[in-house]
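Biologist: I would like to learn how to read a model like this one, feature by feature. Could you take me through a few of them, giving the general idea before the particular case?

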Amino acid sequence: MIKYDPKSLKAEEFINDSEINETLKYADENKDNFELIDSIIEKAKLRKGLDHREASVLLACEDEGKLKEIYALAEQIKKDFYGDRIVMFAPLYLSNYCVNGCVYCPYHAQNKHICRKKLTQEEVKAEVIALQDMGHKRLAIEAGEDPVNNPIEYILECIDTIYSIKHKNGAIRRVNVNIAATTVENYRKLHDAGIGTYILFQETYHKKSYEQLHPTGPKHNYDYHTEAMDRAMEGGIDDVGLGVLFGLELYRYELAGLLMHAEHLEAVHGVGPHTISVPRIKRADDIDPDTFDNGIDDETFAKIIAIIRIAVPYTGMIISTREGKSVREKALRLGISQISGGSRTSVGGYVEPEDEDESSAQFDVSDQRTLDEVVKWLMELGYIPSFCTACYREGRTGDRFMSLCKSGQIQNCCHPNALMTLQEYLMDYASPETREIGEKMIARELLNIPKEKVRKIAAEYIEEIKNDGKRDFRF
Ligand code: SF4
Ligand code: SF4
């Protein structure tokens, strides 16, 4: 039997199948053990997180009263760490050429009828201008794995192009990267290109299922994929983003695996994941989500989000436009700190939205609203949409970032930065109604900056954004 060791660099030792199975058994045995559950909830209230066993017990618990307590705590922790701020981003699909055979993704190599596209640098420029004109400042670039069509040099060239475009008052200030697992050397190149977070979804932590779901291509190699974050960190990337595709395997197995991965990163590199994404499998070109029998309903999805929130309070959580408005609304309350808005999941989709029959999209978007509609909706719900990208530009990454988070000091930056970047958005891109709501929100929220000096400076900067056309202030 392979031994569990969170400090090991071998995939099967730090994501250990026997440890997960024992964890699930322990969780089942204790799902009605209210004394234990209360002690876990009390521990979570200390805001130092939970381990995979503790979180799994809460996930197995079905008692309504306890679940209410868990949800209330998740909401409180969300408020304490993230206030009412929601960071905005958009995905940018560069290429859907892919040599892998992932059975849940329409970009799989066997799909011969999907329209394959790869953006030229001119097309990247046009997409980025369209994104800047919407008001986006933070992108997540996406590309299939294809050493011939999408080599690392292509990705680096695109990153360079994206950062170089200054159109009107627009600028992309942070590029997060979601590309296939690669070598330390390539991660170093991405780091040197100034990327924000490197995001790689594990898809599933269950090795056997993983191999069946990825029957062909380099992604078939579970160990290489699972050990990617360690190589990324070795290559100098401080901020990494985890995620599983819920619906592929049993969600309880996935949650335990996900938290073990976070514990492993903390144990080896001294810093846990920067973000966790929670995608659910969705309909797409030749993909029918009903063929995957581990789908989770909205209630279970909400429970998972709440438990991740209390298990890793310092880790940002991301939800995409795969989810519709009502699911997103609940998820925001329970723990999500970043959402995409106005997204197109096809290659070149921001310049030319596609017809359904010639789609190059990776999945169907459930939330079809424009960024302005999403921004307005968030403010009506009482959230402050933030276009902040300050941390990585100020060198606040990795353990430096985490220690500021853990001491709560980061809040002194996040709140004024949210207000200043929202003011930029209102001046440059918002509709009149959105602007009206936003101006009132900023005036109100400025008063909530606790430190007088910071409040005064933020108010001055906001006036300069409004009246002098200045941009890009940050704490
Ligand atoms: S999930 Fe990624 S690697 Fe798999 S087929 Fe889709 S684009 Fe390719
Ligand atoms: S200050 Fe840092 S942590 Fe806060 S919103 Fe901006 S980038 Fe994120």
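Biologist: To begin with a helix, how many residues does α12 have, and what distance does it reach from its first C-alpha to its last?

Modeller: Please keep in mind throughout that this is a predicted model. As a general idea, an α-helix has 3.6 residues a turn, so residues three or four places apart point the same way. In this structure, α12 has 19 residues and reaches 27 Å from its first C-alpha to its last, which is close to the 27 Å expected at 1.5 Å a residue. The helix is followed by G270, a residue whose phi is positive, near 75°.

Biologist: Turning to strands, are the residues on the two faces of β5 buried or exposed?

Modeller: The general idea is that in a regular strand the side chains alternate between the two faces of the sheet. Strand β5, residues 240-243, is covered on both faces, with V240 and L242 buried on one side and G241 and G243 buried on the other.

Biologist: Which strands pair with β5, and in what sense?

Modeller: Strand β4, residues 198-199, pairs with β5 in the parallel sense over 2 bridges, and within that pairing Y198 has V240 as its bridge partner. Strand β6, residues 275-277, also runs parallel to β5 and is joined to it by 3 bridges, with L242 standing opposite I276. Between β5 and β6 the chain passes through helix α12, residues 251-269, in a β-α-β crossover that is right-handed.

Biologist: How is the chain divided into domains?

Modeller: There are domain 1 (19-79), domain 2 (85-391) and domain 3 (409-467), and the centres of domain 1 and domain 3, taken over C-alpha atoms, are separated by 37 Å.

Biologist: Which domains, then, contribute to the shell around ligand 2?

Modeller: Domain 2 and domain 3 each supply at least three residues of that shell. The residues around ligand 2 include V87, S386, C388, C391, C413, C414 and N417, and by class the shell has 7 nonpolar residues, 3 polar ones and no charged ones. Helices α16 (390-393) and α18 (411-428) each give at least two residues, and α18 gives the most, with 3 residues.

Biologist: What classes of residue make up the shell around ligand 1?

Modeller: That shell has 5 nonpolar, 3 polar and 2 charged residues. Among the residues surrounding ligand 1 are C98, N100, C102, C105, H108, E145 and K219.

Note on methods. Residues numbered from 1 in each chain as written. Chains lettered and ligands numbered in written order. Predicted model: local features only at pLDDT ≥ 70, side-chain atom pairs only at ≥ 80, totals over all residues. Buried ≥ 20, exposed ≤ 12 C-beta atoms within 10 Å, placed from the backbone. Helix = DSSP H or I, 4+ residues; strand = E, 2+ residues; numbered from the N terminus. Pairing = 2+ DSSP bridges. Right-handed = clockwise from strand over helix to strand, strands pointing away. Near = placed C-beta within 6 Å. Nonpolar A, V, L, I, M, F, W, Y, C, P; charged D, E, K, R; others polar. Domains from an automatic or database assignment. Expected span 1.5 Å × (residues − 1).
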